[in-house]
Amino acid sequence: MHNQGEMGFRGQAFFMPVLLISAEHLTLADKVRLVNWGLVVLIVALGGIGIGLLYSAGGESWRPWAGPQGVRFLVGLVGMLALALVDVRIWLRLAYPLYGVMMGMLVLVEVMGHIGMGAQRWIDLGVFVIQPSELMKITLVLALARYFHGLEDEEIGRLSRLVPPVLMVLAPVGLVLLQPNLGTSLLLILTSAALFWGAGVRVWVFLVALGLGLVSLPVAWHHLHDYQKARLMTFVNPEADPLGAGYNILQSKIALGSGGLFGRGFGQGTQSQLQFLPEKHTDFIFVVLAEEWGLVGAVALLLLYAGLLAYGFAIALSCRNLFGRLAALGLTATFFLYVLANVGMVSGLLPVVGIPLPLVSYGGTAMMTLLLGCGLLLGISIHRDVRISRTGISTS
Amino acid sequence: MMAQDNSRARLFTRRALLLGGAQAGLLAVLVGRLYDLQILKGDRYRTLAEENRISLRFLPPPRGQILDRGNVPLALNQQNYRLVLIPERVDDAEVLLAKIQTLIPLTEGDADKIVRDLKRRRNRQAILVYDNLTWEQVAALSLHMPELGGMDIEVGEARFYPYGADMAHVLGHTGPLDSRDIDTADKEGRAFPAIPGLRIGKNGLEKQYDSLLCGKVGNVQLEVNAHGRVIRELARQKPLAGHDVTLSLDIGLQQDVLQQLAKTESSSAVVLDVHTGAVYALASHPGFDPNAFVYGIHQTEWDQLTGNPFAPLLNKAIGGLYAPGSTFKIVTTLAGLEAGLLDPQKTVFCPGYFDLGGHLFHCWKHGGHGTVNLRHAMAGSCDTYFYQLGQHVGIDRLQAMAQRLGLGSKVGIDLPHERGGLMPGRAWKKANRHHEWQLGETLITAIGQGYITATPLQLAIMMARVVNGGHAVTPHLIRAESSAHGAHEGENSGGDSLGFDADNLSLLQDALAAVVTEPIGTAYGARILEDELAMAGKTGTAQVRRISTAERAEGVIANADLAWKERDHALFVGYAPLTAPQYAVAVVVEHGGSGAHDAAPIARDILLACQKRNVAGV
């Protein structure tokens, strides 16, 4: 870093205040240089595709979706890059407090949901709306990564050491289930499982957990809401009620299937354009792509996601601190689960659970969550060489 | 610690790679699923997608107008509002219809029919629920539209007949398609599109020229979304408006004629051009309002019409069959002249009866006409003279002449339900009565009684054919110019010559003139005083009951003393102007009394109206 002074001179003169809250060794210029621009390009590509699809789904118009989504994406992108510059050690310190705040918010929406009507999942702060269950996906990852980061190697094998993280998972899952939001609950559980896996929890623990889960399925079924049962039944046999609960899946499959190899062309997807397709701008946006761009377009999008996931794994593997590695793995898993759940749902492989296509679907909160996650991932990448002790103090 | 870190890092790396591999595998499953849906099953879904989005709606063409010879519209289209049901938007039709029934007077039967239609219909065309909504109903329905998902108020066109009953029999009316129409259409290779509330010609000219009037149905392919809402038009095939049909009929004359007929209880009249067969008026009294049929007639109204003894639904001008009575003496005369068996100057003595081998055939005039030649016999309508003439001429010549003049079979007017009447003969008697023809039957046939029947239209044609120089004119209601582009009824010539001797026709016309001009003529009282408008013709009084010998001995009961149904039919056939015949008329007053007093004045007024209006010149 012989040129540090020179670079620092120029950068510091301008960005001093920002740098002060950051870590000691990396200047802003270094960080910018360390940004994983390949990942950024992938993210921009995905966001761009999303905006294009919304433009098409809106009848080749910026209104009502593409325009707002574009603005949000740009704002989110700036936020993501800003977050990427935040030292990973700050996240480590904030992991538990953030988790606590999110839990508080989940309780708050639960209470408000009872006072208000129906399933309320957000807090309107006036300026913007917070959906705690979305943000919890990130904060849970951070909290779990923080917890496992603090464990000695031998402690991983002790069951007693697994009680706190399991409770950390079950608390938000329980609250989200009460909302009720089956999809997000499952997502939280599976993301956590990926983290547990990466942390080195013994394989038999997973097997036992899986067994317990299967045994408790009938009980869980009993506690499901009618609409959730209907969705699951519909998933089993969508043709049974083509105009009712099965309508979404059937229409989605028709639209997907009619896309063929090369699709019908931009703005030409009859099903998407003609409103046969429900929720085409949010959860079913993938169908718009598949219908208008065919299998080629759909696979291309999946390859972009695969590339993003590959970056995620690469970051996790190259990171030199456990917190960063686990957080990167958890965030990557979250990202993957979004894609799997969404594409699986619209293609009729999985039940309708209401999970958006990451970075593509219309919607502020999910976009914010995912860009936040990407910001963290980029931050981990930038700070991959930072070594952190078990107690959270930098060692290098 | 470093070693520990390393072993833990290796474990992490291993597990991360396993996780990555699993994720890659699951992504591959997704790709496989997409391949299955988009490539392997792509065609199937593409078909489903096509069905999903295109909705074909038919566009009914405006029906052609029917105009009179002065281009006065007789049948036209008026906008109306109708309630239709869009099947794909309806979940529970019965609940919906129950709601509708609180707003409009939809009967239970109608509601059931709609539900049946809904179940039967495979294509997704709208179904007519209620036609011709009033403004109040439109307002009430509009107010409740948000709760009536699947219902729609459409603006449509409905037929309107401004002259009502005056033109009812000629125009007929339109009405909803029924299974019989579909059967007939199948045979003719026509197909009716499934348009809600499609109306077709059910009778009269509306039926006769339906294919000309109806135009060509258009359609519009609409892209609809899952809610059935229209997104945009994909393609539109404009409906082709039906052709207007112009008639030879003159609505002013028609009204004059009906005004005359209104003096009677039940009657009909035909006025036509002796040269072209163009029908200027064709009226039947009493009538009915065809507008009532357009939306389906109420049962009570229908019962009144069918129960009416004066048969208002029947077009008596083409469907009423009457013994022609003395008007048939025209046929007998011409048959005799053409056969060379009649010397017009030769006289016959009429004592009031004709003795055929001891069997007496009575003349209508008690006490007889005395000595009469053809002219006097025709003028006084001497039955005795024509009994004798008939005996000479014979039934075969009578029948042949009658047929040449248009009796005994349909003359072929462009209207449905024309009847042909009956001109009896030997073969007919043998086939239908299984007896030989009797000479006595020849005698009564010669004066237009007996088995013989004819329609007023046939009588008018008969009249026309003997005064137009002997041409076989046929009647038509559609005007030449109108029929030309319709390529439908092209015939408008005077018809082929029947080959009559011109002198014989002159002799006949002279005799017919005597009926009106001679004081002894039966229609002398109904003569036209203006010479240039003068008419000629023949009265007829057709007996509808048998007069027994006993009654004849005591004196024949006067018509006025008989029940209406037993009174004689009063007939008159005539033409004008006398010197250059243009118009032929036939008037039949059912049970009217006598041709001289009850039919001739009507015919006179009609012929006067024709000439004063100069109908043929318009």
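1. Is Trp135(B) buried or exposed? With a relative accessibility of 60%, Trp135(B) counts as exposed, where exposed means over 50% relative accessible area, buried under 20% and partly exposed in between (1.4 Å probe, protein chains only). The structure is a predicted model, in which local features need pLDDT of at least 70 and side-chain atom pairs count only at pLDDT 80 or more, whereas totals for chains, interfaces and linings use all residues. Residues are numbered from 1 along each chain as its sequence is written, chains are lettered from A and ligands numbered from 1 in the order in which they are written, and side-chain values use heavy atoms, with hydrogens and water left out.

2. Trp135(B) also belongs to an aromatic pair. Its ring centre lies 5.3 Å from that of Tyr81(B) and the planes stand at 50°, so the pair is tilted; under the rule, rings of Phe, Tyr and Trp (its six-membered ring) pair if their centres lie within 6.5 Å, with planes under 30 degrees apart counted as stacked, over 60 as edge-to-face and the rest as tilted. The two residues are 54 residues apart, Tyr81(B) in strand β3 (residues 73-85) and Trp135(B) in helix α5 (residues 135-144) of chain B, the elements being DSSP runs numbered from the N terminus (helices H or I, at least four residues; strands E, at least two). Tyr81(B), at 23% relative accessibility, counts as partly exposed. The count over all chains is 15 aromatic pairs, and one aromatic cluster is formed by Tyr147(A), Phe148(A) and Phe196(A).

3. For the interface, 40 residues of chain B and 60 residues of chain A take part in the contact, contact meaning heavy atoms within 4.5 Å. About 4,200 Å² is buried between the two chains, 65% of it from carbon and sulfur atoms; buried area is the accessible area (1.4 Å probe) that two parts lose on being put together, summed over both. Arg8(B), Phe12(B) and Arg15(B) supply 20% of the area that chain B buries against chain A, more than any other three residues.

4. On the side of chain B that touches chain A, α1(B) gives the most, with 26 residues.

5. Within chain B, Ser381(B) sits in the loop between α15 (374-380) and α16 (383-393) and, at 3% relative accessibility, counts as buried. Its side chain makes a polar contact of 2.7 Å with the side chain of Lys329(B). Beyond neighbours within four places in sequence, the contacts of Ser381(B) include Trp364(B), His369(B) and Lys538(B).

6. Some backbone geometry deserves a check. The peptide bond from His285(B) to Pro286(B) is cis, with omega near 0°, and another cis peptide bond, with omega about -15°, joins Ala576(B) and Pro577(B). Ala311(B), although not a glycine, has a positive phi of about 45°, and it lies in the loop between α12 (299-307) and α13 (316-319) of chain B.

Note on methods: Polar contact = N/O pair within 3.5 Å; in protein donor to acceptor, adjacent residues only side chain to side chain.
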